[in-house]
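Open the model in your viewer and keep the selection panel at hand. The tour has two stops.

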Amino acid sequence: MTYENPYMKGRTWPELNILETLRQRNPLVICITNDVVRTFTANGLLAIGASPVMSECSEDLKDLIVHASALLINIGTLTPDKVSYYKEAIKLAKTHEVPVVLDPVGCHAGAYRLSVVLDLIKTGNISLLRGNQSEIKAIYDALSPDDTANNSTTGKGVDGAQVEDSAVIAYRLARLINCPVVTTGEEDYISDGIRVFAVPHGHSVMTAVTGTGCLLGAVLAAFFSAYYPCKDSVSIGEFLAYALAYYGLAGESAVQVSGVKPGSFSTAFMDALYTLDDAVLMAENRIRPVVVPDQLQVYFIGGTQDVGLNENRLLSVVEEACRGGVTCFQFREKGMGTLEGQQKLELAQQLQQICAKYNVLYIINDDVDLAVAVNADGVHVGQEDMRLEEVRNLVGHKAVGISIHSIEELHKTVVVYADCVGVGPMYATSSKPDAQEPCGPNRISELQAEGLTLPCVGIGGITLDNAKPILEAGACGVAIISAIAHADNPYEAAQQFKHLVDRAQP
Ligand SMILES: Cc1ncc(COP(=O)(O)OP(=O)(O)O)c(N)n1
Ligand SMILES: Cc1ncsc1CCOP(=O)(O)O
Ligand SMILES: [Mg+2]
């Protein structure tokens with residue numbers, strides 16, 4: 001039986017034909033790249049169906065940029081005289097609305113490289129930053145406004161070492177510099193500053209072939225040309241996750257042919273980039289949504305039932321809460337007199353626009369069909385709602401949250417299908433008439449001692465005065481209805497919760 005979404009009235013999301021779109025467009029990718037990888041990059045771009053051109057001076061670039069779909073700047077063989085060219089290229093790209101991918105090769109290994117990269121980022125016109133985990137961490141450490149960044153450098157030379165919390169760093173850096181960040185390593189991560197995805201594809205032999213990292217930067221640049229036609233059905237973060245998955249799958253399939261032999265692999269990899277198609281990409285990708293603790297810090301929940309059944313009031317409270325610094329919003333429309341059908345759909349879309357404006361993660365409560373119809377960032381379900389496995393099948397790479405009240409419920413929950421957890425009620429609540437008995441903050445540490453590793457928030461009866469023990473017990477954040485929705489000033493309330501969580505966390 002085919003799945004009917006009541007909000008979509010026979011309409012379905014169009015199939016994602018990313019590779020076909022890219023190949024049809026045959027995008028011109030201008031590469032300002034390093035001396036070591038030019039041929040490999042050009043061959044790789046041709047193999048994926050793009051059109052490469054290498055450019056070495058601005059006189060030439062002025063002519064080329066008008067036809068370009070993307071510009072790659074790779075600082076691999078950096079010299080001082082190249083820096084003004086990079087800057088001029090970025091300026092030209094901005095004038096012609098051409099996306100710029102920056103590959104900050106080796107910036108963790110030398111202060112000069114790092115200062116150049118920071119200068120280029122400061123132009124505010126980088127569309128995607130792609131580096132290995134050490135490079136991305138070095139940039140994050142240099143730009144991070146607080147002392148949460150650890151200024152130790154990891155890795156030497158241009159090959160990166162594994163860096164803990166790469167997903168968190170990608171998310172934070174994407175927000176800091178306002179552009180998507182890809183960080184590659186044993187597992188790759190991409191964040192657009194709202195969502196985070198893990199892409200566990202590729203093969204270790206790829207690190208034995210010089211230029212595989214640099215070619216990835218060029219490939220990601222080419223993918224920008226295929227994003228526009230897909231943008232209504234997939235976020236830029238998820239789209240770039242597909243690009244990473246394609247690249248890694250090509251690596252895996254090449255190894256099947258070549259074996260673990262760098263020379264033969266190199267040839268087989270070009271063949272695989274050329275032959276891999278959308279059917280394989282869609283069927284075999286192992287892209288995983290990741291919820292990082294930062295996304296859950298201040299998790300506001302609301303529906304018209306929380307604001308006197310007044311839609312406009314809800315819109316304004318949510319906008320104020322987003323402006324005040326909530327990191328996540330859940331649309332929970334539930335109870336007597338609340339909206340249904342088309343009216344609920346329209347309100348969900350308006351709320352989604354507000355969240356997008358403030359880079360706030362947008363979750364739908366209970367109503368999986370609605371989450372699919374509006375293409376929300378995620379969905380939250382409880383123990384009595386749709387089964388997690390079924391939810392996962394319907395929502396693909398959206399974030400999935402689950403409620404857990406007790407150790408018994410933890411044992412009943414198939415956590416592999418979930419990405420985060422709401423634990424509660426922590427305290428007595430008047431916002432959920434059918435809530436269970438309060439379980440108190442210690443329930444969080446008990447669940448973690450019992451094996452819960454997913455990031456979690458406490459929920460239920462939380463105020464500024466009783467939030468701290470929840471964070472001390474191990475929650476990443478607090479989920480709140482009334483303390484924001486009923487506040488005289490929801491903006492200030494949200495801001496105070498954000499300060500409280502920031503202070504409580506290292
Ligand atoms: C973040 C978060 N945690 C828990 C809940 C409660 O979900 P559920 O138990 O399904 O109850 P309802 O909210 O559906 O009444 C939640 N919504 N969000
Ligand atoms: C949805 C939900 N789930 C458990 S308690 C609760 C209500 C939280 O609302 P409030 O923050 O007003 O207590
Ligand atoms: Mg529910």
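Helices here are DSSP runs of H or I with at least four residues, numbered from the N terminus. Bear in mind that this is a predicted model.

**Stop one: R443**

Select residues 442–449. This is helix 17, and R443 sits in it. Now show the side chain of R443. Is R443 buried or exposed? R443 counts as buried because its relative accessible area is 19%, and the cut-off for buried is under 20%.

The side chains of R443 and E446 make a polar contact of 2.9 Å. Next, look beyond the neighbours within four places in sequence. There, R443 is in contact with H405, S406 and V423.

**Stop two: ligand 2**

Select ligand 2 and display its shell. Which residues surround ligand 2? They are R332, T429, S431, K432, I459, G460, G461, I480, I481 and S482. By class, the shell holds three nonpolar, five polar and two charged residues.

Turn to the oxygen atoms of ligand 2 and check these distances:

- S431: a side-chain N or O atom is 2.5 Å from an oxygen atom of ligand 2.
- S482: a side-chain N or O atom is 2.6 Å from an oxygen atom of the ligand.
- I481: here a backbone N or O atom is 2.9 Å from a ligand 2 oxygen atom.

How much of ligand 2 does the protein bury? Alone, ligand 2 exposes 380 Å², and the protein buries 93% of that.

Conventions. Residues are numbered from 1 along each chain as its sequence is written. Chains are lettered from A and ligands numbered from 1 in the order in which they are written. This is a predicted model: local features need pLDDT of at least 70, side-chain atom pairs count only at pLDDT 80 or more; totals for chains, interfaces and linings use all residues. Side-chain values use heavy atoms; hydrogens and water are left out. Helices (H or I, at least four residues) and strands (E, at least two) are DSSP runs, numbered from the N terminus. Buried means under 20% relative accessible area, exposed over 50%, partly exposed in between (1.4 Å probe, protein chains only). A polar contact is a pair of N or O atoms within 3.5 Å; within protein, one must be able to donate a hydrogen and the other to accept it, and residues adjacent in sequence count only if both atoms are side-chain atoms. Contact means heavy atoms within 4.5 Å. A residue is near a molecule or strand if one of its heavy atoms lies within 4 Å of it. Accessible areas come from the Shrake-Rupley method with a 1.4 Å probe; for residues, only the protein chains shown count as cover. Ala, Val, Leu, Ile, Met, Phe, Trp, Tyr, Cys and Pro count as nonpolar, Asp, Glu, Lys and Arg as charged, and the others, Gly among them, as polar.
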